[in-house]
Amino acid sequence: MNIRTFQIIIPILSVIFILWQLWRIYTFKTKWKSVWPGALFAVFISIIALFPDFTTNWLAKTLDFKSNVNAIIFVLIGFLFGAVIILYDLYKRQQKTITKLTIELSLFMADKDDFGS
Amino acid sequence: MSMIIKDDLWVFLPAYNEATVVRDVIKELKSCGYKNIIVVDDGSTDDTRKFTQEAGARVLHLCLNRGVGAATRAAMLFAKREGLEFMVLMDADGQHYPSEIEKLTDELQKQKADIVIGSRFLEQKSKMPFSRVIYNKVANMFTYFGKSTVTDSQSGFRLLNKVAIDNLELELDAYGICTEMVWKANTMKLNLVETPIKVLYTKYSQSKGQNLMKGLQTAYRLIKNRLYEH
């Protein structure tokens, strides 16, 4: 079997990435909820790198595409779409937090004596 | 129920860049006998805060502009923490007549209500611009989804008692808070009533407030909020 360079590099990078995320979970810097999309993507990319022809042909057959290149592009666009949704959700949650903090700060800064409480 | 005296009433004016009119609004409130006036400055970039203080009212200052919903929530949280008995929410653009606060307090006492909304549609004399009428009718349809039949869900002129202040937990930052308040009041079986009010539409006040684009954004946020709730 002729092993290509990317078939070594990509899985190694993916393993490093996944181990790094596991370390971050272990040290309480993040949670599973934030990590799983990236980890899933890393696993997916590694599988494609290790078995490129098998996986792309299988995807094309499953999704009923004539070309395995189109199939893989379609799947990656799906991942991109999912990433956008996740990032947007993260952005909205951050906005909520900012509003909450702004309100709390305004109440903290309010002059209690002036308000006669 | 004993009479609501003006000293027990706290008037909150969520405001964003209302330096042009805020002094007049505060002056009119004071002339009507209301002493407890707080302008909730939603990150204004003009002299709203400075003019409010010069006019002798207090300022609850949000350092960032987060929307009328955030300003309203800040006002409600302040009222809750201070243990206020009653709070009035009014627009800071001079659209509402301070003299009509008495109508709200009378209705609250008469109907033993928790929330009184000043409705622009109960009294036919209100000359609302046609586009706003359409917008409000559509917005009211959203409150019907919350099984509530108010005639003016988007009115910013409201009186809340302690029960409403302490129990309503609102989440939206922008104009959707008007409908959210009605929905949640209905869910919590608070006694929500309306009373007719007059409004003053000027070129200035019409340039403020809601429009179709904001309405569409509000609708989206309301639907999303409702879905997440369930």
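The side of chain B that touches chain A draws two or more residues from each of the elements β3 (58–62), α3 (68–82) and α9 (212–229) of chain B, and α3(B) gives the largest share, seven residues. Helices (H or I, at least four residues) and strands (E, at least two) are DSSP runs, numbered from the N terminus.

This is a predicted model, in which local features need pLDDT of at least 70 and side-chain atom pairs count only at pLDDT 80 or more, while totals for chains, interfaces and linings use all residues. Residues are numbered from 1 along each chain as its sequence is written, and chains are lettered from A in the order in which they are written, while side-chain values use heavy atoms, with hydrogens and water left out.

The contact (heavy atoms within 4.5 Å) takes 22 residues from chain B and 18 residues from chain A. Between the two chains there is one salt bridge, a side-chain nitrogen of Lys or Arg within 4 Å of a carboxyl oxygen of Asp or Glu, and in it the side chains of R81(B) and E104(A) meet at 2.8 Å, N to O. Side chains of opposite charge can pair when their charged atoms come close.

Turning to the fold of chain B, an open sheet of seven strands has the order β3-β2-β1-β4-β6-β5-β7, with mixed pairing; two strands pair if DSSP finds at least two bridges between them. Because β3 and β7 (192–196) of chain B stand at the edges, each with a single partner strand, one side of each is left without a neighbour in the sheet. Strands β5 (residues 115–119) and β6 (residues 158–161) of chain B run antiparallel and are joined by three bridges, and the bridge partner of I117(B) in β6(B) is R158(B).

Over all chains, the structure holds 14 salt bridges. In one within chain B, E54(B) pairs with R23(B), the closest N and O atoms being 3.8 Å apart; this pair links helix α2 (residues 48–54), which holds E54(B), to helix α1 (residues 22–31), which holds R23(B), across 31 residues of the chain.
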